[in-house]
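I set out to go through this structure and to write down what I looked up, starting from the whole chain and moving to single residues.

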Amino acid sequence: CKRLTMKEIHTIAPLYDKNSAVLILGSFPSIKSREGNFFYHHPQNRFWKVIAAVTGQETPVTIEEKSRLLHENHIALWDVIKSCDIEKSSDSSIKNVEVNDLSVILSAADIKAIFTNGVKSDQLYKKYCQKITGIKAHPLPSTSPANAGWSLERLIEKWCAVNDFIF
């Protein structure tokens, strides 16, 4: 059978403010995130547990709590891709990429570091964005449930690198 890829457009606004010091970039929102219109909306994605542990906070549940956690810790959040052809939520199926304009965030906040959530976002950032931003990204292991080889504890340990730039 031929796989069905569909052109998808990123509709989730970047989350940042003038006090953001760190920018975390994913690749493209999952189906669940697109449905919920917010980042890392799939209940199995460990992003919110990891960020809460790294910042010493309770794991947020609501979109308002998640937004507040990021703002209070000077973390901006967005994705590399603005639109692409993708099969369901599969990063490996991504084709025909158009990237987001990261200058929206970089011109509004004094970003000290950019982190990429997973291999695909890191590859895409390096290929399309790094030459424009002039900022080298720090790759981090994906918080996706598809990255089952990484336990929550190992993810938290690696993601603690974010603390070097937010405190």
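I began with the contacts: among those in the protein between residues at least 6 apart in sequence, 67% join residues at least 24 apart. I keep in mind throughout that this is a predicted model.

**Entry: overall make-up**

I then looked up the secondary structure and found 7 helices and 7 strands in the protein, with the elements running β-β-α-α-α-β-β-β-α-β-α-β-α-α from the N terminus on. The radius of gyration is 15 Å, close to the 15 Å that the globule rule gives for 167 residues, so I note the protein as being as compact as a globular protein of that length. Along the principal axes, the C-alpha trace spans about 50 × 35 × 25 Å.

For the surface I noted an accessible area of about 8800 Å², of which 53% belongs to carbon and sulfur atoms, while buried residues make up 45% of the 167 residues. I also looked up the charges: the protein has 21 positive and 18 negative side chains, and the centres of these two sets lie 7 Å apart.

**Entry: helix 2**

I asked how many of the 9 residues of helix 2 are buried. The value is 7 of the 9, so I describe helix 2 as largely enclosed by the rest of the structure. The buried residues are F47, W48, V50, I51, A52, V54 and T55. When I looked up what they pack against, I found strand 2, helix 3, strand 3, strand 6 (113-117), helix 6 (152-159) and helix 7 (163-166). Helix 2 is followed by G56, whose phi is positive, near 70°.

**Entry: I75**

Strand 3, one of the packing partners of helix 2, holds I75, and with a relative accessible area of 0% this residue is buried. Leaving aside neighbours within four places in sequence, I75 is in contact with L15, S20, V22, I24, I51, T55, L70, V162 and I166; I51 and T55 in this list are among the buried residues of helix 2. As a distance to keep on record, the C-alpha atoms of I75 and S103, which are 28 residues apart along the chain, are separated by 16 Å.

**Entry: H10**

Not counting residues up to four places away in sequence, H10 touches F28, P29, F39, W78, D79, I81, K82 and N100. With one of these, D79, the side chain of H10 makes a polar contact, side chain to side chain, at 2.8 Å. I also looked up the pair H10 and V80, which are 70 residues apart in sequence and 9.8 Å apart in space, C-alpha to C-alpha.

**Entry: S121**

S121 is found in helix 5 (residues 119-133) and counts as buried at 1% relative accessibility. Which backbone oxygens does the side chain of S121 reach? I found that of L25 at 3.4 Å and that of G118 at 3.0 Å.

Last, I looked at backbone angles. Y40 has a positive phi of about 50° although it is not a glycine; this residue lies in the loop between helix 1 (31-36) and helix 2 (47-55), and at 13% relative accessibility Y40 counts as buried. For H74 I noted a phi near 60°, again a positive value in a residue other than glycine. H74 is found in the loop between helix 3 (63-72) and strand 3 (75-79), and with a relative accessible area of 29% H74 is partly exposed, whereas Y40 is buried.

Note on methods: Residues are numbered from 1 along each chain as its sequence is written. This is a predicted model: local features need pLDDT of at least 70, side-chain atom pairs count only at pLDDT 80 or more; totals for chains, interfaces and linings use all residues. Side-chain values use heavy atoms; hydrogens and water are left out. Helices (H or I, at least four residues) and strands (E, at least two) are DSSP runs, numbered from the N terminus. Buried means under 20% relative accessible area, exposed over 50%, partly exposed in between (1.4 Å probe, protein chains only). The radius of gyration is taken over C-alpha atoms; the globule rule is 2.2 Å times the number of residues to the power 0.38. Contact means heavy atoms within 4.5 Å. Accessible areas come from the Shrake-Rupley method with a 1.4 Å probe; for residues, only the protein chains shown count as cover. Lys and Arg count as positive and Asp and Glu as negative; His and the chain ends are not counted. The place of a charge is taken as NZ of Lys, CZ of Arg, CG of Asp or CD of Glu. A polar contact is a pair of N or O atoms within 3.5 Å; within protein, one must be able to donate a hydrogen and the other to accept it, and residues adjacent in sequence count only if both atoms are side-chain atoms.
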